[in-house]
Amino acid sequence: MNKKTVRFGALLLLLAGSTFAQEKDSVSIGKQLDEIVISDSKFALSKEKSGKVITTITKEDLEKKAGQSVATVLSSVAGVEVNGNQSGTGKNLGYYIRGARNRQTLILIDGIPVTDASGINLEYDLRLIPAEQVERIEVMKGASSTLYGSGAAAGVINITLKKAAKKDISGNAHMSLGTQMTADNVKYNPQDFNQGFAVNGSQEKFNYYASLNSTETKGISEAAVEQSANYEDDRFSRVNALVKFGITPSNRLKLDFFANYDRIKSDFDGTFDNFSDPDSPVNVSTSEQFRYGFSPKFKYNKGEFVLNSSFNTIERKYNTFDSWSGNINESIYESNSVNVDAFNKYAFSTQFFVVAGGQFQYQAMNSETPYDNILKESAKFSTIDPYVTAVYNSDFGFNINAGARYNMHSVYDNHPVYNVNPSFTFSNIPLKVLASYSTAYITPSLYQLYSPYGNLELTPEENATAEVGFEVDLLQKKLNVNVVGFHREEKNTIGFYTDMTTWQSYYVNVDGKYNAKGIESSVTYAITSKVKINANYTFTETEPLLSRLIAKHKGNAALDFQATDRLYLGLNYQYIGDRTDAFFDGGTFATVPVDLKGYQLVNFTARHEVMKNRMQLFGSVTNILNEEFVETVGYSTRGRNFKVGLNILF
């Protein structure tokens, strides 16, 4: 770790210690951090005993953010930015955790990794998931390949879908409508429609959950150039169906099954190149996902065995206008993924347990485009990874999580990773200090290996992350403060290279080591039982190679006001600092850097329970100040917009 980062972390802890000595008489001593987290060890663990940096977005938090997408909700987390969440609904998304990019962030659904094997970076498209299906989200930052394998270099986003209620039958039906406007194109008629329903329930040995959601949006052109006021609206539609059911033959054995179908269809414009007109009324993309799986769980006296399995197919189609020929070209990308993760927790004592497992993953793709074809017979690989993690929680506050994984890949050499994560919770003051060092790897994607730009000589990208920080509760647990410093180093970074002599292009491992470092801090203060303030700030410094679309400064602040038992009001503020972007100039054939100015957003939400446990109304106003800003060069962003919705429970 950088020496300055270490010194800064030590200074933080010394300042914290002196502050706590003064506050000792006014704080509540004892168990302060009683939240339960899953991502740390794959099993439920008190956050007090976890040394990981984990942010939990609960069911209650999601209800307060009704009407927001999963991407927008995640962007309020310290250290996380989902680029594209403020653009048109069909805009592709970029995930940036602590200065990392899509390929360095792993997304889980109910603890199972999800990827698109045909994607350039294997990233999963969060647009496929409606927020209405989500029960809870955990964001675990730092390298996590020991437990979760390839891709978990900067963080893991673990999305838990809704489960069956305890009643025999229950459910809900919801609908919302809203505007879709840019800052300079005002249209108050509704352009954003979202509706759906869910039915679920439980009996003695059987439970079920089924939901259907749909979204239709128009009103914004994806492209943003001077003449875009005359462009046509780009439409977006989505349909999601989810079925889950479980059987409990005994108190020890539980069998869970799931299946889901997701489809999005989106108009899109051409790539911004400062030369040609990007607007196109005929460009359409369609993405369909079929996903199903089976997860048995067996508990025994000293532990539990779990088998998570999933099978996933994704087909993406693009109809794109070719200005040279005047034709509409069709490109098709198909992928298949299999994930089987078997792991066992064995408790040697109440203070020490070990999680040991093995994970099998299979990825295959094929594509048909006007320029090239990739055959599934050749574009495939598999991995088999044994791993082990040990967790020790002492009775005097010391905790440690340590583990290792050995990645065995069918294409290139094997690769080990490991982590060490100690933490200490003081008994006489409500303070927890933590530190960690963890390594991670990212496998080259099938596209990077087998496409016309592919390179079979690629090796995995390697990352290492070091962290140090503290968390404290003050004023009888009304005030929570946490600060974490981080330093991430990556090498064998996968980049794209063009030989300007031969004009040949292909993927390469970039020489050298590149660093991203920074500080995350958050504060939560319950002024009264009805009024709460929370805020976070992230400072991120990256080297130029890693800096695209990364803001050095980012902050969020929110005021929650539970006015009555049935009325909630919320006001939140977000600041995104200056960033850099780049585009390929179609006139000069050069990559042109662009400076993007920072921007700030103010949003308001309200939720009212009209009939207790029966009917809820919500409304929101986003970008109240109607600020005009750029999220990605060449793309539109949303101005002031309004949304209202209704949720009926039964």
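**Figure 1. F343 of β17 and its partner in β18.** F343 stands opposite G357 in β18. The two strands, β17 (residues 328-347) and β18 (residues 352-368), pair in the antiparallel sense over 16 bridges. Here strands (E, at least two residues) are DSSP runs numbered from the N terminus, and two strands pair if DSSP finds at least two bridges between them. A hairpin through four residues joins β17 to β18. The model shown in every view is predicted, and local features need pLDDT of at least 70, side-chain atom pairs count only at pLDDT 80 or more, and totals for chains, interfaces and linings use all residues. Residues are numbered from 1 along each chain as its sequence is written, and side-chain values use heavy atoms, with hydrogens and water left out.

**Figure 2. Further partners of β18.** β18 is also joined to strand β20 (residues 380-393) by 13 bridges, and these two strands run antiparallel. Within this pairing, A356 stands opposite V388 in β20. Strand β19 (residues 373-374) pairs with β18 in the antiparallel sense over two bridges. S367 stands opposite I374 in β19, and a hairpin through four residues joins β18 to β19. In a regular strand the side chains alternate between the two faces of the sheet.

**Figure 3. β36 between two pairings.** β36 pairs with β10 in the antiparallel sense over seven bridges. M175 has L646 in β36 as its bridge partner. β35 and β36 run antiparallel and are joined by eight bridges. In β36, N647 is the residue opposite Q616.

**Figure 4. The loop residue Y635.** Y635 is found in the loop between β35 (615-622) and β36 (641-649). Residues up to four places away in sequence not being counted, Y635 touches K91, E222 and A224; contact means heavy atoms within 4.5 Å. The C-alpha atoms of Y635 and G171 are separated by 39 Å, and these residues are 464 residues apart along the chain.

Figure 5. Q191 is found in the loop between β10 (170-178) and β11 (192-202). Because its relative accessible area is 5%, Q191 is buried. In these legends buried means under 20% relative accessible area, exposed over 50%, and partly exposed in between (1.4 Å probe, protein chains only). Leaving aside neighbours within four places in sequence, Q191 is in contact with G178, T179, Q180, E216, T217, K218 and G219. The C-alpha atoms of Q191 and P430, 239 residues apart along the chain, are separated by 49 Å.

**Figure 6. Two residues with a positive phi.** Most residues other than glycine have a negative phi. K42 is not a glycine, yet it has a positive phi of about 75 degrees. K42 has its place in the loop between β1 (36-37) and β2 (45-46), and it is buried because its relative accessible area is 12%. W503, also not a glycine, has a positive phi of about 60 degrees. W503 lies in the loop between β26 (494-498) and β27 (505-509), and it counts as exposed because its relative accessibility is 53%.

**Figure 7. Aromatic rings.** The structure holds 20 aromatic pairs. Rings of Phe, Tyr and Trp (its six-membered ring) pair if their centres lie within 6.5 Å; planes under 30 degrees apart count as stacked, over 60 as edge-to-face and the rest as tilted. The rings of F268 and Y318 have centres 6.2 Å apart and planes at 80 degrees, so this pair is edge-to-face. The pair links distant parts of the chain, 50 residues apart: F268 is in the loop between β14 (253-267) and β15 (284-300), and Y318 is in strand β16 (residues 303-321). F268 is buried, with a relative accessible area of 16%, whereas Y318 counts as partly exposed at 26% relative accessibility. Elsewhere, ring pairs link F206, Y208, F245, F257 and F294 into a cluster.

**Figure 8. A nonpolar patch on the surface.** L475, Y525, I527, I533, L559, L571 and F604 form this patch, with about 520 Å² of accessible area together. Patches are made of residues with over 30% relative accessible area and no salt bridge: like charges are joined within 9 Å, and nonpolar side chains (Val, Leu, Ile, Met, Phe, Trp, Tyr) within 5 Å. A salt bridge is a side-chain nitrogen of Lys or Arg within 4 Å of a carboxyl oxygen of Asp or Glu. Accessible areas come from the Shrake-Rupley method with a 1.4 Å probe; for residues, only the protein chains shown count as cover. F604 is found in strand β34 (residues 599-611), and at 32% relative accessibility F604 counts as partly exposed.
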